[in-house]
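Please keep the sequence and the 3D view open while reading.

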Amino acid sequence: MKSENGFYGQYGGSYIPEILYSSQQQILHAFEDAKNDPAFLAELHKQWQQFSGRPTPLTFCANLTEHFGGAQIYLKREDLNHSGAHKMNNVIGQGLLVKRMGKKRVIAETGAGQHGIATALVAARLGLECTIYMGAKDIERQYPNVFWMKQLGATVVPVTTGAQTLRDALDEALRDWSSSHEDSHYLIGTSCGCAPFPEMVAFFQSVIGDEVREQSVAQFGQFPDRLYACVGGGSNACGLFLPFLDEKDVAMVGVEAGGKGLALGEHSIRLSHNLGQPGIAQGFATMFLQDQAGQLQETHSIAAGLDYVGVSPIIAHLAETGRIQMTYAMDDDVIAACTLLLKKEGIIPALESSHALAGAFKDAPNLPKTSRIVINLSGRGDKDIFNVAKAVQDEAFPQFLNDYLATYPVTTDNKEQNA
Ligand SMILES: *Cc1c(COP(=O)(O)O)cnc(C)c1O
(Lines give C-alpha, C1' and ligand atoms only; values in the text may rest on other atoms or scores of the structure.)
Protein backbone atom coordinates (compact mmCIF):
# COMPACT_ATOMS: atom_id res chain seq x y z
CA MET A 1 0.00 0.00 0.00
CA LYS A 2 1.38 3.34 -1.07
CA SER A 3 2.04 5.80 1.72
CA GLU A 4 2.04 9.59 1.63
CA ASN A 5 5.60 10.46 2.57
CA GLY A 6 5.67 7.40 4.78
CA PHE A 7 2.29 8.12 6.40
CA TYR A 8 -0.94 6.13 6.34
CA GLY A 9 -3.44 8.67 7.65
CA GLN A 10 -2.01 9.75 11.00
CA TYR A 11 0.18 6.65 11.36
CA GLY A 12 3.68 5.82 10.15
CA GLY A 13 6.33 8.43 9.45
CA SER A 14 10.01 8.37 10.10
CA TYR A 15 10.90 9.57 13.59
CA ILE A 16 14.58 8.75 13.57
CA PRO A 17 17.75 10.35 14.89
CA GLU A 18 19.40 12.61 12.32
CA ILE A 19 22.45 10.37 12.12
CA LEU A 20 20.34 7.63 10.49
CA TYR A 21 18.72 9.93 7.93
CA SER A 22 21.12 9.23 5.04
CA SER A 23 20.87 5.46 5.52
CA GLN A 24 17.09 5.65 5.75
CA GLN A 25 17.02 7.63 2.49
CA GLN A 26 19.33 5.09 0.87
CA ILE A 27 16.98 2.23 1.80
CA LEU A 28 14.00 4.22 0.58
CA HIS A 29 15.56 4.89 -2.82
CA ALA A 30 16.97 1.37 -3.18
CA PHE A 31 13.54 -0.08 -2.46
CA GLU A 32 11.71 2.26 -4.88
CA ASP A 33 14.23 1.32 -7.53
CA ALA A 34 14.24 -2.43 -6.84
CA LYS A 35 10.49 -2.91 -6.79
CA ASN A 36 10.29 -1.52 -10.34
CA ASP A 37 13.25 -3.50 -11.63
CA PRO A 38 12.20 -6.69 -13.47
CA ALA A 39 15.60 -8.29 -12.81
CA PHE A 40 15.27 -7.78 -9.04
CA LEU A 41 11.71 -9.12 -9.06
CA ALA A 42 12.78 -12.16 -11.09
CA GLU A 43 15.57 -12.93 -8.60
CA LEU A 44 13.15 -12.43 -5.69
CA HIS A 45 10.66 -14.91 -7.16
CA LYS A 46 13.42 -17.37 -7.90
CA GLN A 47 14.68 -17.28 -4.30
CA TRP A 48 11.13 -17.52 -2.91
CA GLN A 49 10.58 -20.57 -5.07
CA GLN A 50 13.91 -22.34 -4.73
CA PHE A 51 14.82 -21.48 -1.15
CA SER A 52 11.46 -21.14 0.61
CA GLY A 53 9.30 -23.52 -1.43
CA ARG A 54 6.76 -21.05 -2.82
CA PRO A 55 4.05 -20.98 -3.93
CA THR A 56 2.50 -22.33 -0.73
CA PRO A 57 -0.78 -24.26 -1.18
CA LEU A 58 -4.34 -23.08 -0.53
CA THR A 59 -5.79 -26.05 1.35
CA PHE A 60 -9.53 -26.83 1.55
CA CYS A 61 -10.55 -28.15 4.98
CA ALA A 62 -13.50 -30.50 4.40
CA ASN A 63 -13.66 -31.81 7.97
CA LEU A 64 -13.64 -28.39 9.62
CA THR A 65 -16.23 -27.13 7.12
CA GLU A 66 -18.52 -30.03 8.00
CA HIS A 67 -17.83 -29.57 11.73
CA PHE A 68 -19.02 -25.96 11.75
CA GLY A 69 -21.75 -26.39 9.11
CA GLY A 70 -21.27 -22.87 7.72
CA ALA A 71 -18.65 -21.23 5.52
CA GLN A 72 -16.27 -23.34 3.42
CA ILE A 73 -12.89 -23.10 5.14
CA TYR A 74 -9.54 -22.75 3.34
CA LEU A 75 -6.06 -22.31 4.78
CA LYS A 76 -3.20 -20.40 3.15
CA ARG A 77 -0.24 -22.59 4.08
CA GLU A 78 2.54 -20.17 5.08
CA ASP A 79 3.56 -22.86 7.60
CA LEU A 80 5.13 -24.68 4.66
CA ASN A 81 7.75 -21.99 4.03
CA HIS A 82 11.39 -22.79 4.76
CA SER A 83 11.87 -22.34 8.55
CA GLY A 84 8.15 -22.69 9.08
CA ALA A 85 6.58 -19.26 8.74
CA HIS A 86 5.84 -16.32 6.47
CA LYS A 87 8.82 -14.40 7.93
CA MET A 88 11.04 -15.92 5.24
CA ASN A 89 9.21 -13.96 2.46
CA ASN A 90 10.38 -10.65 3.92
CA VAL A 91 13.87 -11.74 4.95
CA ILE A 92 14.65 -13.00 1.45
CA GLY A 93 13.40 -9.70 0.00
CA GLN A 94 15.43 -7.49 2.32
CA GLY A 95 18.46 -9.78 1.99
CA LEU A 96 18.46 -9.24 -1.78
CA LEU A 97 18.06 -5.51 -1.25
CA VAL A 98 21.09 -5.49 1.07
CA LYS A 99 23.17 -7.10 -1.70
CA ARG A 100 21.85 -4.51 -4.13
CA MET A 101 22.90 -1.66 -1.81
CA GLY A 102 26.35 -3.20 -1.56
CA LYS A 103 26.20 -3.65 2.22
CA LYS A 104 27.92 -6.61 3.86
CA ARG A 105 26.20 -7.11 7.18
CA VAL A 106 22.70 -7.48 8.61
CA ILE A 107 21.51 -6.77 12.15
CA ALA A 108 18.25 -8.08 13.57
CA GLU A 109 16.55 -8.48 16.90
CA THR A 110 14.48 -11.49 17.79
CA GLY A 111 12.19 -12.55 20.63
CA ALA A 112 11.14 -16.14 20.17
CA GLY A 113 13.93 -16.64 17.65
CA GLN A 114 11.81 -17.11 14.51
CA HIS A 115 12.97 -13.90 12.83
CA GLY A 116 16.52 -14.52 14.05
CA ILE A 117 16.61 -17.97 12.47
CA ALA A 118 15.14 -16.74 9.19
CA THR A 119 17.69 -13.91 9.08
CA ALA A 120 20.62 -16.23 9.87
CA LEU A 121 19.51 -18.68 7.15
CA VAL A 122 19.24 -15.98 4.48
CA ALA A 123 22.51 -14.33 5.58
CA ALA A 124 24.28 -17.67 5.17
CA ARG A 125 22.80 -18.20 1.72
CA LEU A 126 23.57 -14.68 0.50
CA GLY A 127 27.02 -14.50 2.10
CA LEU A 128 26.23 -11.70 4.54
CA GLU A 129 27.60 -11.21 8.04
CA CYS A 130 24.86 -11.47 10.62
CA THR A 131 24.43 -10.19 14.19
CA ILE A 132 21.31 -11.11 16.15
CA TYR A 133 20.32 -9.27 19.34
CA MET A 134 18.29 -11.31 21.76
CA GLY A 135 17.22 -10.76 25.38
CA ALA A 136 19.16 -13.00 27.78
CA LYS A 137 15.85 -14.35 29.12
CA ASP A 138 14.68 -15.19 25.60
CA ILE A 139 17.99 -16.93 24.90
CA GLU A 140 17.31 -19.24 27.85
CA ARG A 141 13.76 -19.93 26.75
CA GLN A 142 14.59 -20.50 23.08
CA TYR A 143 17.95 -22.19 23.19
CA PRO A 144 17.39 -24.56 20.23
CA ASN A 145 16.92 -21.53 17.93
CA VAL A 146 20.01 -19.86 19.38
CA PHE A 147 22.02 -23.01 18.78
CA TRP A 148 21.10 -23.08 15.09
CA MET A 149 21.70 -19.35 14.60
CA LYS A 150 25.24 -19.86 15.90
CA GLN A 151 25.80 -22.93 13.70
CA LEU A 152 24.62 -20.89 10.72
CA GLY A 153 27.43 -18.47 11.44
CA ALA A 154 25.51 -15.66 13.10
CA THR A 155 26.77 -13.82 16.17
CA VAL A 156 24.10 -13.92 18.87
CA VAL A 157 24.43 -11.07 21.36
CA PRO A 158 22.65 -11.57 24.70
CA VAL A 159 21.00 -8.37 25.94
CA THR A 160 21.05 -8.08 29.71
CA THR A 161 19.43 -4.67 30.16
CA GLY A 162 15.82 -4.06 31.27
CA ALA A 163 13.53 -7.07 31.28
CA GLN A 164 16.07 -8.87 29.02
CA THR A 165 13.44 -9.57 26.35
CA LEU A 166 12.46 -8.38 22.88
CA ARG A 167 12.07 -4.67 23.58
CA ASP A 168 15.54 -4.46 25.12
CA ALA A 169 16.98 -6.38 22.18
CA LEU A 170 15.34 -3.86 19.83
CA ASP A 171 17.04 -0.95 21.67
CA GLU A 172 20.42 -2.67 21.36
CA ALA A 173 19.92 -3.43 17.66
CA LEU A 174 19.09 0.25 17.05
CA ARG A 175 22.18 1.29 18.99
CA ASP A 176 24.33 -0.98 16.81
CA TRP A 177 22.72 0.37 13.63
CA SER A 178 23.34 3.98 14.70
CA SER A 179 27.07 3.34 14.60
CA SER A 180 27.23 0.74 11.80
CA HIS A 181 24.68 1.94 9.23
CA GLU A 182 27.32 2.70 6.59
CA ASP A 183 27.95 -0.98 5.97
CA SER A 184 25.09 -2.67 7.90
CA HIS A 185 21.37 -3.02 7.26
CA TYR A 186 18.82 -3.28 10.07
CA LEU A 187 16.61 -6.10 8.89
CA ILE A 188 13.23 -5.43 10.52
CA GLY A 189 11.01 -8.51 10.74
CA THR A 190 7.54 -7.02 10.61
CA SER A 191 5.76 -4.13 8.94
CA CYS A 192 6.64 -1.64 11.68
CA GLY A 193 9.44 0.86 12.24
CA CYS A 194 10.32 4.03 10.33
CA ALA A 195 9.42 4.48 6.66
CA PRO A 196 9.95 2.72 4.31
CA PHE A 197 10.01 -0.45 6.46
CA PRO A 198 6.21 -0.84 6.89
CA GLU A 199 5.62 -0.48 3.14
CA MET A 200 8.66 -2.56 2.19
CA VAL A 201 7.85 -5.49 4.47
CA ALA A 202 4.20 -5.37 3.36
CA PHE A 203 5.37 -5.41 -0.26
CA PHE A 204 7.50 -8.52 0.27
CA GLN A 205 4.70 -10.26 2.20
CA SER A 206 2.08 -9.42 -0.44
CA VAL A 207 3.16 -12.53 -2.31
CA ILE A 208 0.76 -14.30 0.11
CA GLY A 209 -2.33 -12.43 -1.09
CA ASP A 210 -1.15 -12.38 -4.71
CA GLU A 211 -1.02 -16.17 -4.66
CA VAL A 212 -4.43 -16.43 -2.95
CA ARG A 213 -5.96 -14.31 -5.73
CA GLU A 214 -4.72 -16.75 -8.35
CA GLN A 215 -5.35 -19.90 -6.34
CA SER A 216 -8.91 -18.99 -5.33
CA VAL A 217 -9.89 -18.26 -8.91
CA ALA A 218 -8.23 -21.49 -10.08
CA GLN A 219 -9.80 -23.61 -7.31
CA PHE A 220 -13.31 -22.19 -7.02
CA GLY A 221 -13.70 -19.61 -9.74
CA GLN A 222 -13.84 -16.43 -7.64
CA PHE A 223 -12.22 -14.53 -4.77
CA PRO A 224 -12.91 -15.58 -1.15
CA ASP A 225 -15.66 -13.77 0.78
CA ARG A 226 -13.63 -13.27 3.94
CA LEU A 227 -9.96 -13.29 4.94
CA TYR A 228 -8.55 -13.87 8.43
CA ALA A 229 -5.04 -13.20 9.75
CA CYS A 230 -3.49 -12.84 13.19
CA VAL A 231 -1.95 -9.43 13.93
CA GLY A 232 1.30 -9.13 15.85
CA GLY A 233 3.41 -6.52 14.10
CA GLY A 234 1.00 -6.98 11.21
CA SER A 235 3.14 -8.34 8.39
CA ASN A 236 1.28 -11.57 7.58
CA ALA A 237 -2.01 -9.65 7.77
CA CYS A 238 -0.69 -6.98 5.36
CA GLY A 239 0.56 -9.77 3.10
CA LEU A 240 -2.81 -11.46 2.83
CA PHE A 241 -5.02 -8.34 2.88
CA LEU A 242 -3.30 -5.70 0.73
CA PRO A 243 -3.70 -7.46 -2.65
CA PHE A 244 -7.49 -7.57 -1.95
CA LEU A 245 -7.94 -3.98 -0.72
CA ASP A 246 -9.73 -2.84 -3.88
CA GLU A 247 -12.05 -5.85 -3.94
CA LYS A 248 -15.00 -4.32 -2.10
CA ASP A 249 -16.75 -7.67 -1.64
CA VAL A 250 -13.85 -9.24 0.21
CA ALA A 251 -14.16 -8.74 3.99
CA MET A 252 -11.01 -8.80 6.15
CA VAL A 253 -10.62 -9.65 9.80
CA GLY A 254 -7.47 -9.11 11.88
CA VAL A 255 -7.18 -11.04 15.14
CA GLU A 256 -5.10 -9.73 18.07
CA ALA A 257 -3.96 -11.53 21.20
CA GLY A 258 -6.56 -11.24 23.98
CA GLY A 259 -4.19 -13.12 26.29
CA LYS A 260 -5.50 -13.83 29.78
CA GLY A 261 -7.88 -10.88 30.02
CA LEU A 262 -8.46 -7.23 29.20
CA ALA A 263 -6.54 -5.78 32.17
CA LEU A 264 -3.35 -3.91 31.30
CA GLY A 265 -0.38 -6.28 31.05
CA GLU A 266 -2.52 -9.36 30.33
CA HIS A 267 -3.04 -8.92 26.58
CA SER A 268 -1.65 -7.40 23.38
CA ILE A 269 -4.83 -5.75 22.06
CA ARG A 270 -3.86 -2.45 20.50
CA LEU A 271 -6.67 -1.87 18.03
CA SER A 272 -9.85 -3.73 18.91
CA HIS A 273 -11.85 -2.67 21.97
CA ASN A 274 -10.19 0.82 22.08
CA LEU A 275 -7.40 -0.33 24.38
CA GLY A 276 -4.47 1.33 22.56
CA GLN A 277 -3.67 5.03 22.12
CA PRO A 278 -1.94 6.85 19.30
CA GLY A 279 1.71 7.53 20.09
CA ILE A 280 5.21 7.75 18.69
CA ALA A 281 7.94 5.25 19.60
CA GLN A 282 10.53 3.05 17.92
CA GLY A 283 10.72 5.39 14.93
CA PHE A 284 7.05 5.60 13.92
CA ALA A 285 3.55 6.64 14.92
CA THR A 286 0.92 4.01 15.57
CA MET A 287 -1.50 2.73 18.21
CA PHE A 288 0.51 1.63 21.23
CA LEU A 289 -0.36 0.17 24.60
CA GLN A 290 0.86 2.95 26.86
CA ASP A 291 0.03 4.81 30.04
CA GLN A 292 -1.14 8.44 30.36
CA ALA A 293 2.47 9.64 30.31
CA GLY A 294 3.15 7.78 27.07
CA GLN A 295 5.27 5.02 28.63
CA LEU A 296 4.94 1.74 26.78
CA GLN A 297 3.21 -0.98 28.80
CA GLU A 298 3.89 -4.65 29.38
CA THR A 299 2.02 -7.02 27.09
CA HIS A 300 1.15 -10.71 27.19
CA SER A 301 0.27 -13.40 24.69
CA ILE A 302 0.57 -17.16 24.72
CA ALA A 303 2.11 -16.65 21.26
CA ALA A 304 5.47 -14.85 21.37
CA GLY A 305 4.99 -13.44 17.86
CA LEU A 306 1.88 -11.50 18.92
CA ASP A 307 3.32 -10.20 22.17
CA TYR A 308 4.11 -6.70 20.92
CA VAL A 309 3.21 -3.24 22.19
CA GLY A 310 2.80 -1.51 18.80
CA VAL A 311 1.30 -2.51 15.45
CA SER A 312 1.84 -1.81 11.77
CA PRO A 313 0.80 1.74 10.84
CA ILE A 314 -0.83 0.22 7.73
CA ILE A 315 -3.05 -2.04 9.82
CA ALA A 316 -3.78 0.79 12.30
CA HIS A 317 -4.93 2.99 9.41
CA LEU A 318 -7.02 0.30 7.69
CA ALA A 319 -8.68 -0.51 11.02
CA GLU A 320 -9.43 3.16 11.67
CA THR A 321 -11.00 3.65 8.24
CA GLY A 322 -13.07 0.50 8.68
CA ARG A 323 -11.60 -1.37 5.71
CA ILE A 324 -10.53 -4.18 8.01
CA GLN A 325 -12.38 -5.38 11.05
CA MET A 326 -10.36 -6.07 14.20
CA THR A 327 -11.12 -8.61 16.88
CA TYR A 328 -9.18 -10.62 19.44
CA ALA A 329 -8.92 -14.20 20.72
CA MET A 330 -8.22 -15.28 24.31
CA ASP A 331 -5.47 -17.78 25.14
CA ASP A 332 -8.00 -20.54 25.99
CA ASP A 333 -9.85 -20.15 22.69
CA VAL A 334 -6.52 -20.17 20.87
CA ILE A 335 -5.55 -23.51 22.40
CA ALA A 336 -9.00 -24.91 21.57
CA ALA A 337 -8.64 -23.76 17.94
CA CYS A 338 -5.15 -25.24 17.71
CA THR A 339 -6.37 -28.57 19.10
CA LEU A 340 -9.32 -28.65 16.71
CA LEU A 341 -7.10 -28.11 13.66
CA LEU A 342 -4.77 -30.89 14.83
CA LYS A 343 -7.63 -33.37 15.28
CA LYS A 344 -9.73 -32.45 12.25
CA GLU A 345 -7.15 -31.68 9.57
CA GLY A 346 -3.80 -33.17 10.62
CA ILE A 347 -2.01 -29.82 10.65
CA ILE A 348 0.06 -28.42 13.56
CA PRO A 349 -0.51 -24.65 13.63
CA ALA A 350 1.66 -22.02 15.33
CA LEU A 351 -0.07 -20.43 18.33
CA GLU A 352 0.11 -17.08 16.52
CA SER A 353 -1.81 -18.52 13.57
CA SER A 354 -4.22 -20.22 15.99
CA HIS A 355 -5.51 -16.73 16.85
CA ALA A 356 -6.64 -16.34 13.24
CA LEU A 357 -8.21 -19.80 13.45
CA ALA A 358 -10.03 -18.89 16.68
CA GLY A 359 -11.40 -15.68 15.13
CA ALA A 360 -12.58 -17.51 12.02
CA PHE A 361 -14.07 -20.47 13.90
CA LYS A 362 -16.26 -18.08 15.88
CA ASP A 363 -17.77 -16.71 12.65
CA ALA A 364 -17.82 -19.85 10.49
CA PRO A 365 -21.07 -21.44 11.82
CA ASN A 366 -23.00 -18.20 11.17
CA LEU A 367 -21.81 -17.70 7.60
CA PRO A 368 -23.74 -19.08 4.61
CA LYS A 369 -22.68 -22.50 3.30
CA THR A 370 -21.98 -20.94 -0.07
CA SER A 371 -19.43 -18.50 1.39
CA ARG A 372 -15.70 -19.18 1.43
CA ILE A 373 -13.17 -17.98 3.95
CA VAL A 374 -9.38 -18.06 3.80
CA ILE A 375 -7.41 -18.18 7.05
CA ASN A 376 -3.72 -17.35 6.90
CA LEU A 377 -1.83 -20.16 8.61
CA SER A 378 1.18 -17.94 9.21
CA GLY A 379 3.40 -20.65 10.69
CA ARG A 380 3.76 -24.20 11.96
CA GLY A 381 3.49 -25.13 15.61
CA ASP A 382 6.52 -27.30 16.30
CA LYS A 383 8.13 -24.42 18.23
CA ASP A 384 5.10 -24.20 20.54
CA ILE A 385 5.36 -27.71 21.91
CA PHE A 386 6.09 -26.59 25.50
CA ASN A 387 3.29 -24.03 25.64
CA VAL A 388 0.73 -26.37 24.13
CA ALA A 389 1.80 -29.25 26.40
CA LYS A 390 1.35 -27.00 29.42
CA ALA A 391 -2.05 -25.78 28.24
CA VAL A 392 -3.45 -29.25 27.53
CA GLN A 393 -1.86 -30.54 30.78
CA ASP A 394 0.04 -33.43 29.32
CA GLU A 395 1.27 -34.94 32.57
CA ALA A 396 4.25 -36.79 31.13
CA PHE A 397 5.62 -33.61 29.65
CA PRO A 398 7.25 -31.90 32.65
CA GLN A 399 9.40 -34.99 33.20
CA PHE A 400 10.39 -35.06 29.53
CA LEU A 401 11.24 -31.38 29.71
CA ASN A 402 13.47 -31.92 32.76
CA ASP A 403 15.28 -34.77 31.02
CA TYR A 404 15.66 -32.67 27.90
CA LEU A 405 17.11 -29.72 29.81
CA ALA A 406 19.46 -32.05 31.67
CA THR A 407 20.70 -33.39 28.33
CA TYR A 408 20.88 -30.00 26.60
CA PRO A 409 21.78 -27.51 29.35
CA VAL A 410 20.82 -23.97 28.54
CA THR A 411 23.59 -21.40 28.65
CA THR A 412 23.62 -17.70 27.88
CA ASP A 413 27.41 -17.67 27.78
CA ASN A 414 28.36 -16.10 24.50
CA LYS A 415 32.15 -15.94 24.91
CA GLU A 416 32.95 -19.25 23.36
CA GLN A 417 31.16 -18.54 20.09
CA ASN A 418 32.56 -15.07 19.73
CA ALA A 419 36.05 -16.32 20.29
C1 LIG B 1 6.23 -13.58 13.89
C2 LIG B 1 4.99 -14.35 13.64
C3 LIG B 1 3.73 -13.73 13.60
C4 LIG B 1 3.50 -12.28 13.92
O5 LIG B 1 4.08 -11.38 13.04
P6 LIG B 1 3.25 -10.50 12.01
O7 LIG B 1 4.21 -9.47 11.59
O8 LIG B 1 2.06 -9.92 12.72
O9 LIG B 1 2.82 -11.38 10.91
C10 LIG B 1 2.61 -14.49 13.29
N11 LIG B 1 2.72 -15.81 13.04
C12 LIG B 1 3.92 -16.45 13.09
C13 LIG B 1 3.95 -17.91 12.82
C14 LIG B 1 5.08 -15.74 13.39
O15 LIG B 1 6.26 -16.39 13.43
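In this predicted model, the count of salt bridges comes to 20.

| Salt bridge | Closest N and O atoms |
|---|---|
| K35 with E199 | 3.1 Å |
| D176 with R105 | 2.7 Å |
| R175 with E172 | 2.7 Å |

Where do the partners K35 and E199 lie along the chain? K35 sits in the loop between helix 1 (21-34) and helix 2 (38-52), while E199 belongs to helix 9, so this pair ties together parts that are 164 residues apart in sequence. Both K35 and E199 are buried. Through salt bridges that share partners, K2, E32, K35 and E199 are joined into one network.

The salt bridge of D176 with R105 has its closest N and O atoms 2.7 Å apart. Because D176 lies in helix 8 and R105 in strand 5 (residues 105-110), the pair ties together parts that are 71 residues apart in sequence. Both D176 and R105 are buried.

The next topic is the division of the chain into domains. Domain 1 covers 15-49 + 87-201, and domain 2 covers 55-84 + 206-387. Their contact takes 20 residues from domain 1 and 25 residues from domain 2, and the C-alpha centres of the two domains lie 23 Å apart. Between them, domain 1 and domain 2 bury about 1,900 Å², of which 62% is on carbon and sulfur atoms. Y15, N89 and R167 supply 29% of the area that domain 1 buries against domain 2, more than any other three residues.

How many salt bridges are found across the interface of domain 1 and domain 2? There is one salt bridge across this interface, and six residue pairs are in polar contact there. On the side of domain 1 that touches domain 2, the elements giving two or more residues are helix 4 (87-101), helix 5 (114-126), helix 8 (166-180) and helix 9 (197-205). The largest share of that side, four residues, comes from helix 5. By class, the side of domain 1 that touches domain 2 has twelve nonpolar, six polar and two charged residues.

Single residues complete the picture. H185, in strand 8 (residues 184-186), has a relative accessible area of 0% and is therefore buried; leaving aside its neighbours within four places in sequence, its contacts include I27, Q94, W177 and F197. S216, in helix 10 (residues 207-220), is likewise buried, with a relative accessible area of 0%, and its side chain reaches the backbone oxygen of Q222 at 3.4 Å. D246, by contrast, lies in the loop between helix 11 (235-241) and strand 10 (251-259), and counts as exposed because its relative accessibility is 66%. The C-alpha atoms of D246 and Q297 are separated by 35 Å, and the two residues are 51 residues apart along the chain.

Terms used. Residues are numbered from 1 along each chain as its sequence is written. This is a predicted model: local features need pLDDT of at least 70, side-chain atom pairs count only at pLDDT 80 or more; totals for chains, interfaces and linings use all residues. Side-chain values use heavy atoms; hydrogens and water are left out. Domain bounds come from an automatic or database domain assignment. Contact means heavy atoms within 4.5 Å. Buried area is the accessible area (1.4 Å probe) that two parts lose on being put together, summed over both. A salt bridge is a side-chain nitrogen of Lys or Arg within 4 Å of a carboxyl oxygen of Asp or Glu. A polar contact is a pair of N or O atoms within 3.5 Å; within protein, one must be able to donate a hydrogen and the other to accept it, and residues adjacent in sequence count only if both atoms are side-chain atoms. Ala, Val, Leu, Ile, Met, Phe, Trp, Tyr, Cys and Pro count as nonpolar, Asp, Glu, Lys and Arg as charged, and the others, Gly among them, as polar. Buried means under 20% relative accessible area, exposed over 50%, partly exposed in between (1.4 Å probe, protein chains only).
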